[in-house]
Amino acid sequence: MTLDLSLLPDGGVSWLDASGDHAGIVLSTRIRLARNLEGFAFPGRARDGERLRVLSRVREAVGTAPSLRHHVLVRVDDLAAEDRLLLHERHLVSRELAGLDPQHPVRSGAAVFLGPGTGVMVNEEDHLRLQALRSGFAVSEAYAALDRIDEELGATVPFAYHQEFGFLTSCPTNTGTGMRASVMIHLPGLNATKEISKTLAGLQQMGLTYRGLYGEGSEVVGNFFQISNQTTLGRSEEEIIDQLMYVLRTVISREEDARRVLLRDAGYIIEDKLWRAYGTLRYARSLTFDEAMSYLSGVRLAVGLKLITGLSVYTLNKLLIFSQSAHLAQAEGRALTDSEANLVRARYVRQLLAEEAGTNG
Amino acid sequence: MLCDNCKERDSVVTLTRSNADGVVTEEHLCERCAIERGIETHIAQPKQPLADFIGALHKQLPASPHDSGRCGFCSGTLRDFRSTGRLGCPYCYATFEATLRDWLRRIHGNSKHVGKRYQPPVPLVEEGATVLAELRDRLRRAVEQEQFEEAARLRDQIKVLE
């Protein structure tokens, strides 16, 4: 089966449009709820037939849920490896569901229901991973969308629930609310002023943790940090959200302060560095993904500081997603070696930036 | 002592400063105000995010007399959990309740869910039937594969549910 993402209501990327609050600093907000069906072993332990029965029960439930009426079912287990990677690069499925690690190949029954801003992964680490993705800093809004889906599905299929422990999950680190609320934030100012480790240590004291661009186990590239709650038991969903919002507001304002300090104390050095990053992206002939991320981080900062005008955050967000390997391969219509991908990436980045410069003077 | 800044919470950090004339001043801050001021209250920045650390904690789960038990539904054991960090099915929580309660307390600082309450949809008879059907299916496969010990265990489990 070949994947046609244009079939999705919004291509699965409406969260890139930079329409949300603080979209220059906060790329996106994502919340997920882990749920399992009563009467079935967790996907890691279940047999093939059992996972397929889970999928068919979920499918029936999705059919009766008004919030999921426009969602499209993608059978991840039917997809070729490059299409699974594409879904993962677009942040629509996790690495585990996409079966990208050789030691954890894709499971039978792995599927995802995709719709505008929300999705339901089936047979991931848990039977269900409900997720909502929003542009910018939109924690409450994302949770409201997710809570509706949770109510609707939970009213049709019985979720595994324990009076004391709450919602039961395959890994007990998720037990309780099953909720992970996270914000993808760009912190080049705090990094450049060497304040970042203090901030990250502070986060951890407040019960939050951070990861890279792709969640668990991923490295931090381009100064993008995914900040989320660490624990899921003993605090309500509202408390988790309130605390994340409280701490994130502080982080955002400290990042803004750091940027002001940078401009004040090192104005021309910073300006030079950021324009060089822009120049490289405009004219380079070969770019690795990490290089592109690092220069894009500089250009994003330059746009935030209004040193570069006429370049939209939306374009920068698009570059972040569409300059990844599987996206480039899809655009080219063929598999690419690493060095070919670097050439295609540089061309794509040049084109998009030139178009933007052309339209905006 | 109350925090000098917010005057609401207890202070946990004492900030000692001396100016050019050698005059020393002390300020007492609560954790929140200290963090807001950018003061590192943590001893050192861990190289790896906390998640990795917590991910590895299940390996430290102390041995307990319940360890020898086996989940009646998925036949998972605590030994499996210790090696993978994952449980086999929702019923493992009841089977290993005491050990898991202890583990949950260590990880989350709490074992009591205070979030959203949930009431499963009504037709519980049918749900029981689903569990039974699943167990019967497992029993049939166990017999086919001549795993008689497993089959006997499943048969007992089915009897209890019936």
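Ground rule for strands before I start: two of them pair if DSSP finds at least two bridges between them. Helices (H or I, at least four residues) and strands (E, at least two) are DSSP runs, numbered from the N terminus. This is a predicted model, where local features need pLDDT of at least 70 and side-chain atom pairs count only at pLDDT 80 or more, while totals for chains, interfaces and linings use all residues. Residues are numbered from 1 along each chain as its sequence is written, and chains are lettered from A and ligands numbered from 1 in the order in which they are written.

**Entry 1**

I began with strand β10 (residues 179–186) of chain A, which pairs with strand β12 (residues 224–229) of chain A in the antiparallel sense over 5 bridges. Looking across to β12(A), I found A:M184 opposite A:Q226.

Then I picked A:S182, which also lies in strand β10 of chain A. Is A:S182 buried or exposed? My cut-offs: buried takes 20 or more other C-beta atoms within 10 Å of the residue's own, exposed 12 or fewer, partly exposed anything in between, with C-beta atoms placed from the backbone. A:S182 counts as buried because it has 23 C-beta neighbours inside 10 Å.

For contacts I use C-beta atoms, placed from the backbone, within 7 Å. Leaving aside neighbours within four places in sequence, A:S182 touches A:R30, A:Q226, A:I227 and A:S228. A:R30 is 152 residues away in sequence, but 5.2 Å away in space, C-alpha to C-alpha.

**Entry 2**

I traced an open sheet of 8 strands in chain A, in the order β2-β5-β6-β7-β1-β10-β12-β11, with antiparallel pairing. β2 (72–75) and β11 of chain A are the edge strands, each pairing on one side only. Neighbouring strands are turned by 20° against each other on average, direction ignored. Axes here are lines fitted to C-alpha atoms, for helices over the stretch in contact, and angles run from 0 to 180 degrees between N-to-C directions.

I stopped at strand β6 (residues 118–122) of chain A, where 5 of 5 residues are buried. A:L114 faces A:G119 of β6(A). The hairpin of β5(A) and β6(A) has 2 residues between the strands, and A:G117 takes a positive phi near 80°.

On the β7 side, β6(A) is joined by 5 bridges to strand β7 (residues 128–135) of chain A, again antiparallel. A:T118 has A:A132 as its bridge partner in β7(A). This hairpin has 5 residues between β6(A) and β7(A), and A:N123 in the turn has a positive phi of about 65°.

**Entry 1: helix packing**

Next I checked α7(A) against helix α8 (residues 289–304) of chain A: the angle is about 130° and the axes are 8 Å apart. That makes the two helices, α7(A) and α8(A), oblique; under 35 degrees would be roughly parallel, over 145 roughly antiparallel, 65 to 115 roughly perpendicular, and the rest is oblique. The α7(A)–α8(A) crossing is left-handed, meaning that the near helix is turned anticlockwise from the far one by less than a right angle (clockwise would be right-handed).

I noted contact residues, including A:L274, A:A277 and A:Y278 of α7(A) and A:Y295, A:L296 and A:V299 of α8(A). By class, the contact of α7(A) with α8(A) has 9 nonpolar, 3 polar and 2 charged residues. The classes: Ala, Val, Leu, Ile, Met, Phe, Trp, Tyr, Cys and Pro are nonpolar, Asp, Glu, Lys and Arg are charged, and the others, Gly among them, are polar.

I then moved on to α8(A) and helix α9 (residues 313–322) of chain A, which pack at about 170° with their axes 10 Å apart. α8(A) and α9(A) are therefore roughly antiparallel. A:L296, A:V299, A:R300 and A:V303 of α8(A) meet A:V313, A:L316, A:L319 and A:L320 of α9(A). I count 7 nonpolar, no polar and 1 charged residues in the contact of α8(A) with α9(A).

Chain B has 7 helices and 2 strands, in the pattern β-β-α-α-α-α-α-α-α along the sequence. Of its 162 residues, 25% count as buried.

How many residues does each chain bring to the contact? Chain A brings 51 residues and chain B 41 residues. On the chain A side, the elements that give two or more residues are β8 (161–162), β9 (166–167), α6 (196–205), β11 (208–211) and α7 (237–283). α6(A) gives the most, with 7 residues. The chain A side divides into 18 nonpolar, 23 polar and 10 charged residues.

Definitions and conventions:
Contact = placed C-beta atoms within 7 Å.
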